[in-house]
Amino acid sequence: MNRVINRYILREISVPFFMILFILTFVLLMGRILQLMDLMINKGIHVTDIGRLVLYLMPSFLTITVPVSLLISILIALGRLSRDNEIIVLKASGLSLYQLMPSVAFVSLCAFCITAVTGFFLVPYGNFATKTLLFDIARQKASIGIKERVFNGDFAGLVLYAQELPPQENCMRGVFISDNRTLNEPTTIIAQRGYLVSDPQSMQVTLRLQDGSIHTADANTVTYKKIDFSSYDINLDLSTSIGNKNETVTKDSKEMSLPELIRESRTPGLKETTVKELIIEIHKKFTMPFACIVFGLIGVPLGISKHRSGKSRGFVIGLIVIMIYYVLQIGGEALGEIGILPPAIGAWIPGTLGGCIGGYLLITTAKEEPLVPDCIRNIRIRRRT
């Protein structure tokens, strides 16, 4: 009998879980749609590259949408059972609340595993792959965007003109550059040849000029300087080309796997703020999946509590709990970063507090006692009178 009931509750939770997961992930993706459409329409990026960007962004969305979908689906499913008096029937047949927990525990454990695998492996890979892909797109855009006898302003602070682009030589001839990166000293560069050189290790695109001269005058045109060169390199800023600032190959904390974070945090000579950031990121690898367990504990007592409202109640309560949880998470991480709390304690504040509250609510509901203690309820009644 218990097995049949657990399968029934599992089915009631699973259907809204996948629906909410799809909707929330789609909503988060819509926030990036405009940027992706701009890359495809205005920047000429191929649709396959847009698809890869979407695929790389998905893991970072799932670490948020999976726990949120779990909590709301539990509240909706158990709320429906409670509203139709099925929970009362199950209790009348001799089943306790703890005997109804295996299905919820199974779903929470599955969500925990999905979030953990995603946070440990897929998110770091996706973040770094996104940065690498954006660099490749920018490099392609830099070479494709330059046309013969057309002034090109895709590079921040530079206007580039090429008289000729011989296809067989893979270079530019008759290069003219207006360099306005230094406001007080606008510079004009003239070169016979120019080559685009990309370095995947440093994630930089360099314009290598040969046989030319640099002409510089101050703002008041009082002084004038001319420098002849045989070879001159200009690092191109591709931020205006792809809408994203050029980055170095060094991974930041969100692009590192757990072993890389641990190894980096033990590197001697790091700044204290960097070490704290790495420690917090290490603990977030565990606190984000642990939110699934916390939401499972909180969702059961809140879902089966007596109420007459419909499914909207589950959404409202779920959003309130999620908002409080993630506000505590942001606040705890901030306290850990500024040194008021140790980084580990700051990262675990929402999980520890949420687990304690969820355990209390679950035990209280199993004993069929009111969730609000009588002493607090009496104080509220006295205030009203």
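This is a predicted model: local features need pLDDT of at least 70, side-chain atom pairs count only at pLDDT 80 or more; totals for chains, interfaces and linings use all residues.
What does F120 pair with? By our rule the model has 10 aromatic pairs. In one of them, the rings of F120 and F286 have centres 5.4 Å apart. Their planes stand at 70°, so this pair is edge-to-face. Edge-to-face needs an angle over 60 degrees.

Now look at where the two residues sit. F120 is in helix 4, residues 101–145, and F286 is in helix 7. The pair therefore ties together parts that are 166 residues apart in sequence. F286 is partly exposed, at 36% relative accessible area. There is also a cluster here: ring pairs link F120, F121 and F286.

Stay on helix 7 for another pair. F290 and W348 are edge-to-face as well, with 5.6 Å centre to centre and 65° between the planes. F290 belongs to helix 7, and W348 to helix 9, residues 343–366. So this pair joins parts 58 residues apart in sequence. F290 is partly exposed, with a relative accessible area of 27%. W348 is partly exposed too, at 26%.

Next, how helix 7 packs. Its partner here is helix 2. Helix 2 covers residues 47–83, and helix 7 covers 272–304. Their axes come within 8 Å and cross at roughly 15°. Under 35 degrees counts as roughly parallel, and the two helices are therefore roughly parallel to each other. The crossing is right-handed.

Which residues make the contact? On helix 2, they include T63, P67, L71, L75 and S82. On helix 7, they include M288, C292, F295, G299 and I304. By class, the contact has 16 nonpolar residues, six polar and no charged ones.

N85 is not a glycine, yet its phi is positive, about 65°. N85 sits in the loop between helix 2 and helix 3. Its relative accessibility is 43%, so N85 counts as partly exposed.

R149 also has a positive phi, near 55°, and is a residue other than glycine. Find R149 in the loop between helix 4 and strand 1. At 56% relative accessibility, R149 counts as exposed.

To recap, helix 2 and helix 7 run roughly parallel, and F286 of helix 7 pairs with F120 of helix 4.

Note on methods: Residues are numbered from 1 along each chain as its sequence is written. Side-chain values use heavy atoms; hydrogens and water are left out. Axes are lines fitted to C-alpha atoms, for helices over the stretch in contact, and angles run from 0 to 180 degrees between N-to-C directions. Helices (H or I, at least four residues) and strands (E, at least two) are DSSP runs, numbered from the N terminus. Angles under 35 degrees count as roughly parallel, over 145 as roughly antiparallel, 65 to 115 as roughly perpendicular and the rest as oblique. A crossing is left-handed if the near helix is turned anticlockwise from the far one by less than a right angle, and right-handed if clockwise. Contact means heavy atoms within 4.5 Å. Ala, Val, Leu, Ile, Met, Phe, Trp, Tyr, Cys and Pro count as nonpolar, Asp, Glu, Lys and Arg as charged, and the others, Gly among them, as polar. Rings of Phe, Tyr and Trp (its six-membered ring) pair if their centres lie within 6.5 Å; planes under 30 degrees apart count as stacked, over 60 as edge-to-face and the rest as tilted. Buried means under 20% relative accessible area, exposed over 50%, partly exposed in between (1.4 Å probe, protein chains only).
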